[in-house]
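Biologist: Could you take a close look at the aromatic pairs for me, starting with how the overall dimensions are judged?

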Amino acid sequence: MKINMPVTQTEYVLKETDSIVSKTDLKGVITYVNEDFLRISGFSKDELIGTSHNIVRHPDMPPEAFADLWDSLKAGRPWTGLVKNRCKNGDYYWVHANVTPIFENSQLTGYMSVRSKPERAQIEAAGNAYRLFREGKAGNLKIQDGKAVKSTIWGKLNMFTKLTIKSRLTMVIAIMSTLLLVVGGLGLMGMSKSNEGLHSVYEQRTVPMNQISNIQKLLLTNRLRIAVSLVSPTPEAIQKNAAEVEQNIAEITRIWDVYAATPLAPEEKTLADKFAGDRKEFVAEGLKPAIAALRANDIALANKIIVDKVRPLYEPVGDGIQKLMQYQLDGAKHEYEAAQSRFSSTRNIAIGMILAGITIAIWM
């Protein structure tokens, strides 16, 4: 690195209104300077134009600072930092430098530097940091994007620091677009699963519950009609009630056949088979003999059959139909909980991917 000598300990302090502007080509050769640059540096325009910009480099500036500057510029990124420059007579001045790539027709053609007066606290912080680099005592410090920062594992892993802004934006857009497609796909999949769940609840739970409920209602109606016949044992009442009981028996059989023809889970089939057997016995040994006794106007026999057969045989039938109803309710609850679990999983995955995308975007 070029060392410009001599140097003095005299500082030239910039004014608030000072604005030093210069332009260089891609190799750092000066192509333009403004009047503030000439006045503050002490060089003439002829001495600066066509000369490398390091003509004003002060030996107190560590090589790491300019290496960082060129890394940023070559990647197409602007660079901002504190710089100590040397005047022609050896004096020095501190500037807050903003260096920006110049593009013409999408082609990088050079760099422009605009420098202004920094705060005293900034000067002291930068001076102390640069001294550590010159003395080899920087430790885990490094200069990154114009600032002295601690080198961390996160920073070492950040592979995007060397990419151009265009490359970073392209990657951010690509990642966000991919995430949008994935999250959208998750949403569509979630809607499809919800639709399947609703169809399952309707076909496998709601319809069977309606069938079982109708059977339960008809069973209770039959017991009520027989009880009414015993209270009012007139031939007309007995005939009407007996006919309704027989119709209900046929209707229960029809509904049960439709229900039993559907695919049943093993536990549900066990309950259904037991109910079918209990009901068959209840009808054959309870209901039909009671109807026959009533039609024969043998009230005493009808009462005996009801006490000895109808009531005890109905207990397993009523219990069985109630268990089938509870099975459907439990199944519907299970479907609901499964849908809730799917929703939570899909939501959490979507949120996680969105947060991951935002994190990657910030990292880049």
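Modeller: Gladly! The radius of gyration is taken over C-alpha atoms, and the globule rule is 2.2 Å times the number of residues to the power 0.38. By that rule a compact globule of 364 residues would come near 21 Å, but the protein has 46 Å. Its C-alpha trace spans about 135 × 45 × 35 Å along the principal axes.

This is a predicted model, where local features need pLDDT of at least 70, side-chain atom pairs count only at pLDDT 80 or more, and totals for chains, interfaces and linings use all residues. Residues are numbered from 1 along each chain as its sequence is written, and side-chain values use heavy atoms, leaving out hydrogens and water.

Now to the rings. Those of Phe, Tyr and Trp (its six-membered ring) pair if their centres lie within 6.5 Å; planes under 30 degrees apart are stacked, over 60 edge-to-face, and the rest tilted. The whole structure holds five aromatic pairs. One of them is edge-to-face, because the rings of Trp-70 and Tyr-111 have centres 5.5 Å apart and planes at 85 degrees. Tyr-111 is buried (under 20% relative accessible area, with exposed over 50% and partly exposed in between, using a 1.4 Å probe and protein chains only), at 5%. Trp-70 is partly exposed, at 25%.

Trp-256 and Tyr-259 make a tilted pair, 5.1 Å centre to centre with 45 degrees between the planes. Trp-256 is buried at 10% relative accessible area, and Tyr-259 is buried at 1%. Together with Phe-275, Trp-256 and Tyr-259 form one aromatic cluster.
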